[in-house]
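Please consult the sequence and the structure shown here while reading.

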Amino acid sequence: MKTIGITTNGVLLHRLLEPLAKAGLNSLNISLDTLVKEKFEFLTRRAAFTRVLSNIRLALDMPNLYPLVKINCVVMQGVNTDELNDFIELTRDQPNLAVRFIEYMPFSDNKWNEKKYFPYEEMLKLIKQKYNLEKLPQDDKNDTTKWYRVRENSYQGKVGFITSMSEHFCSTCNRVRVTADGQLKVCLFDNKEVSLRDALRSGANDEEIYSLIQQTLYKKEKEHLPVNILHTQKNRPMILIGG
C-alpha cells in the first residue's frame with residue numbers, strides 16, 4: 001500500500017497533523033464547500049470556519065509531511081457555483097495545494113436533488129470564462145481526478161475535477177475505504193460492506209485479514225449504478241463513509 005489518506009472536515013487538524021503523519025498518513029483531503037463564513041456555518045451546522053482555514057494553512061506549512069494538501073469542494077447548483085473562481089484563486093502561489101471540484105453525488109441523507117447537480121463540463125465552461133486552463137497529463141493510471149492548472153506562473157497549485165457522475169472512472173479506480181467503525185468498502189457507491197473490525201476482534205491474524213480483503217476486492221462490481229438508479233439505493237451518508 002503506497003498511500004494512506006484521510007478526508008476530514010479539518011476542525012481538529014491543529015492537534016492531529018503531526019501524530020497522523022507519524023502513524024503513516026501521507027495524503028490529506030480537507031472538505032470545504034464554501035469560502036463564505038455564513039454559508040459554511042449553514043452547510044456544516046458548526047461555527048468553525050476560521051479554525052478550518054487556519055488548519056489548512058498549518059497543513060500547507062508542513063510540506064515535508066504533506067507534500068500535497070487537497071481541498072475537496074462538492075459543487076452544487078445554486079449553492080456554491082458562484083465561488084468556483086474564488087477556490088481557483090487559492091492555488092495562487094501555493095505549489096503544494098490542489099483544489100478538487102467534485103460532482104454532487106446521491107447518498108443517504110444528503111437531500112439529493114437533481115436540480116443541484118452541476119456537471120464537470122459546466123464547471124469547466126464557467127471557469128474558462130475567466131481563466132486559461134491547461135490540462136495536465138495523467139501520471140497515475142489509477143488517479144480518479146482530471147487535473148488542470150491555470151496558465152499563469154503565479155498559479156502554482158493544481159485544479160482537479162472528480163467526475164463520478166458524468167464520466168465515471170470505475171475501470172481504473174483502485175480506492176479502498178475503511179470507515180471509522182471498521183467496515184471495508186471497495187466502492188463508494190456500493191452499500192455492501194465487510195467488517196474488518198469484527199474479524200480482528202474475533203482473533204483473525206494478518207494473513208486472514210489480507211485474505212478477507214482480497215476476497216472482497218474480487219467481488220467488486222465492474223462499475224457503479226447509473227445516477228437515476230443510484231439515488232434510490234440505501235447507502236451510508238458520506239459523513240459516515242469518509243473520502
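Two strands count as paired if DSSP finds at least two bridges between them. In this predicted model, seven strands form an open sheet of mixed pairing, in the order β1-β2-β3-β4-β7-β6-β5.

**Overall sheet**
- The edges of the sheet are β1 (5-8) and β5 (133-135), each of which pairs on one side only.
- From one strand to the next, the twist averages 25°.

- β1 and β2 run parallel and are joined by four bridges.
- Within this pairing, Thr7 stands opposite Asn29 in β2.
- Between β1 and β2 the chain passes through helix α1 (residues 13-22), and this β-α-β crossover is right-handed.
- Strand β2 (residues 27-31) is mostly covered, with four of its five residues buried.
- β2 is also joined to β3 by four bridges, and these two strands run parallel.
- Leu28 has Val69 as its bridge partner in β3.

- β5 and β6 (residues 146-150) run antiparallel, and three bridges join them.
- Opposite Leu133 stands Val150 in β6.

**Helix packing on the sheet**
- Helix α5 (residues 120-128) packs on the sheet, where it touches β3 (69-75), β4 (97-103), β5, β6 and β7 (158-162).
- The direction of α5 makes about 130° with that of β4.

**Side-chain pattern**
- As a general rule, side chains in a regular strand alternate between the two faces of the sheet.

Terms used. Residues numbered from 1 in each chain as written. Predicted model: local features only at pLDDT ≥ 70, side-chain atom pairs only at ≥ 80, totals over all residues. Heavy atoms only, no water. Axes fitted to C-alpha atoms, helices over the stretch in contact; angles between N-to-C directions. Contact = heavy atoms within 4.5 Å. Buried < 20%, exposed > 50% of the residue type's maximum accessible area, 1.4 Å probe, protein only. Right-handed = clockwise from strand over helix to strand, strands pointing away.
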